[in-house]
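The sequence and the structure are shown first, and a description by topic follows.

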Amino acid sequence: MAGSEASCVLGIDLGTTSVKAALLVGTGRGHVVAASCSRETQAQASSLEAGPQGMEQNVQRIITALNECLAALPQQQLQRVSHIGISGQMHGIVFWKRDQGCRWTECGTSPTFEPEEVSRLVTWQDGRCSPAFLASLPPPQSHISLATGFGCATVYWYLKNSPDFLKCYDAAGTIHDYVVAMLCDLKKPLMSIQNAASWGYFNAKTKSWNTDVLKKSGFPLHLLPEVGDPGSIAGRTICAWHGIPKGTEVGIALGDFQCSVYSCLTERTDAVLNISTSAQLTISMPPGFQPPETPDPSSAVTYFPYFNGDYLAVAASLNGGNVLATFVDMVSQWMEELGLQVQDSAIYAKIIKAALAQDDSKLSIRPTIFGERHVPEQLASVTSIAVSELSLGHVTRALCRGVVENLCSMLPVQRLMETGVSRILGSGSALARNEVLRQEVERIFPFPVVYGKDVDAAVGAAMVMFHRK
């Protein structure tokens, strides 16, 4: 194997539905992925406080999936890890007690940690903050509009609806900030600019929280993490975790989206189209670009802090692979009500096959069942329904096209051309497994589309640390 005696860099991504890990080793021409592993988290949990609008995850299950992932990687290579890069789902928030966040235990031949005094993770998909509630909050001094599912908005919701909940904890962060804090025994959580911007009430230009605004409204400032630059070191491991040496450098936790882009974007003339649980279309902004001081709440494009002071222009849709998963779930439920049972995986395969047999569909589906951050009240709709368009193939084809058209409407082809885009890099689990989606991407965008690059947030997180070595 290439670089068998070389040191390795471990990349971890704590995603919405799965945990991924990748080991990178250096070669004469850069790096290669020596080993990787993925585990479903199955962490979704019902919300006691927020009801059906709440979207929460069980942190214990996420860490269990992480431990299973690392246990499946080659032990010899883990013992040679010199740096760890960690990314994860942005916007969300988890609370914990600083001195009781986890318990280190012996597991096989090496220690691992288990969550202790930790809340559930309130994810980016959480819908408890209504537009009326968000409008009642003080305006942020930030270039990013506040939305439900953002960490600071969730804290405000607890302040109003369940203030005693907040009294149980004295630290907070994203799920990946939590993991970094536990690995390095950080007394105060440390958060990258990427994750801080995703929480709201953060000024990316001054790299500081809107403490004056927050303090006046009674926000618990002690829950805000310290902030550092993406790519910097947060600390060192306090134990020999899964065989990884004690004292290994751990990078500050990064945004999964930025790491996915980092893993594949090599030219500023490339646009990255990612369709996984959600969907994003992104382009690089020129060096020196600064976003507007205040956001346009009706704009579909957000400027995400990237690396080295650069920004990405991002159309971040809440509707991606989750739309197709919901459609499959609907079909499954209908069949169950008719007394039939079919595995979801079998339904998915059959609807894709049916859609491939239909080159076109006159059905028009707006797929926004989860709304969009810039138009949260806009839900899904179906128009141009004709008798000839009712087959499973027609509906699936129209649904796939709708997902791509919705993204394209947020960051139009004209804007891509104006910024010099000459190629699209297609990535994401939904795009990888769905040929119909790929066909619709190629039909809608007038650029060459390249698939098959190893686009992966875990790989991207490892690459960031690899380039530090």
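What is the order of the strands in the open sheet of 3 strands? The model is predicted, and in it this sheet runs β4-β5-β10, with antiparallel pairing.

## The three-stranded sheet

The edges of this sheet are formed by β4 (44-45) and β10 (121-122), each of which pairs on one side only. Strand β5, covering residues 56-57, is joined to β10 by 2 bridges, and the two strands run antiparallel. Within this pairing, Gln-57 lies opposite Leu-121 of β10.

β1 pairs with strand β6 (residues 81-88) in the parallel sense, over 7 bridges. In this pairing Leu-10 stands opposite Ile-84 of β6. β1 also pairs with strand β2 (residues 18-27), here in the antiparallel sense and over 7 bridges. Cys-8 faces Val-25 of β2 across this pairing. β1 and β2 are joined as a hairpin through 3 residues.

## The six-stranded sheet

Another open sheet is built from 6 strands in the order β21-β22-β20-β19-β25-β26, and its pairing is mixed. The strands at the edges are β21 (301-305) and β26 (449-450); each has a single partner strand, so one side of each is left without a neighbour in the sheet.

Strand β19 (residues 270-275) has antiparallel pairing with strand β20 (residues 279-284), over 5 bridges. Val-272 stands opposite Thr-282 in β20, and Ile-275 has Ala-279 of β20 as its bridge partner. β19 and β20 form a hairpin, with 3 residues between them. β19 also pairs with strand β25 (residues 423-427), in the parallel sense and over 5 bridges. In that pairing, the bridge partner of Ala-271 is Ile-424 of β25.

Is β19 largely enclosed or largely open? Of its 6 residues, 6 are buried, so β19 is largely enclosed by the rest of the structure. Both of its faces are covered. Asp-270, Val-272 and Asn-274 are buried on one side, and Ala-271, Leu-273 and Ile-275 are buried on the other.

In soluble globular proteins, nonpolar side chains tend to be buried together. The largest nonpolar core of this model has 85 residues, of which Phe-95, Leu-273, Leu-281, Leu-437 and Phe-445 touch the most other members. Helix α12 (residues 392-410) contributes the largest share of this core, with 9 residues. A second, separate core has 64 residues, including Ala-21, Leu-78, Val-250 and Leu-312.

Which residues does Phe-95 touch, not counting those up to four places away in sequence? Among them are Glu-117, Val-118 and Ser-119, as well as Val-155, Tyr-158, Phe-165 and Leu-166. Phe-95 also touches Tyr-169, Ala-171, Ala-172 and Leu-223.

## Packing of helix α11

Helix α11 (residues 344-356) and helix α15 (residues 435-444) have axes that come within 9 Å and cross at roughly 40 degrees. That angle makes α11 oblique to α15. The contact involves Ile-352, Ala-355 and Leu-356 of α11, together with Glu-435, Val-436 and Gln-439 of α15. By class, this contact has 4 nonpolar, 1 polar and 1 charged residues.

α11 also packs with α12, at an angle of about 90 degrees and with axes 7 Å apart. The two helices are therefore roughly perpendicular to each other. On the α11 side the contact has Ile-351, Ile-352, Ala-354, Ala-355 and Leu-356. These meet Leu-392, Gly-393, Thr-396 and Arg-397 in α12. By class, the contact of α11 with α12 has 6 nonpolar, 2 polar and 1 charged residues. Ile-352, Ala-355 and Leu-356 of α11 take part in the contact with α15 and in the contact with α12.

Definitions and conventions
Residues are numbered from 1 along each chain as its sequence is written. This is a predicted model: local features need pLDDT of at least 70, side-chain atom pairs count only at pLDDT 80 or more; totals for chains, interfaces and linings use all residues. Side-chain values use heavy atoms; hydrogens and water are left out. Two strands pair if DSSP finds at least two bridges between them. Helices (H or I, at least four residues) and strands (E, at least two) are DSSP runs, numbered from the N terminus. A nonpolar core is a set of buried Ala, Val, Leu, Ile, Met, Phe, Trp, Tyr and Cys residues joined through side-chain atoms within 4.5 Å. Buried means under 20% relative accessible area, exposed over 50%, partly exposed in between (1.4 Å probe, protein chains only). Contact means heavy atoms within 4.5 Å. Axes are lines fitted to C-alpha atoms, for helices over the stretch in contact, and angles run from 0 to 180 degrees between N-to-C directions. Angles under 35 degrees count as roughly parallel, over 145 as roughly antiparallel, 65 to 115 as roughly perpendicular and the rest as oblique. Ala, Val, Leu, Ile, Met, Phe, Trp, Tyr, Cys and Pro count as nonpolar, Asp, Glu, Lys and Arg as charged, and the others, Gly among them, as polar.
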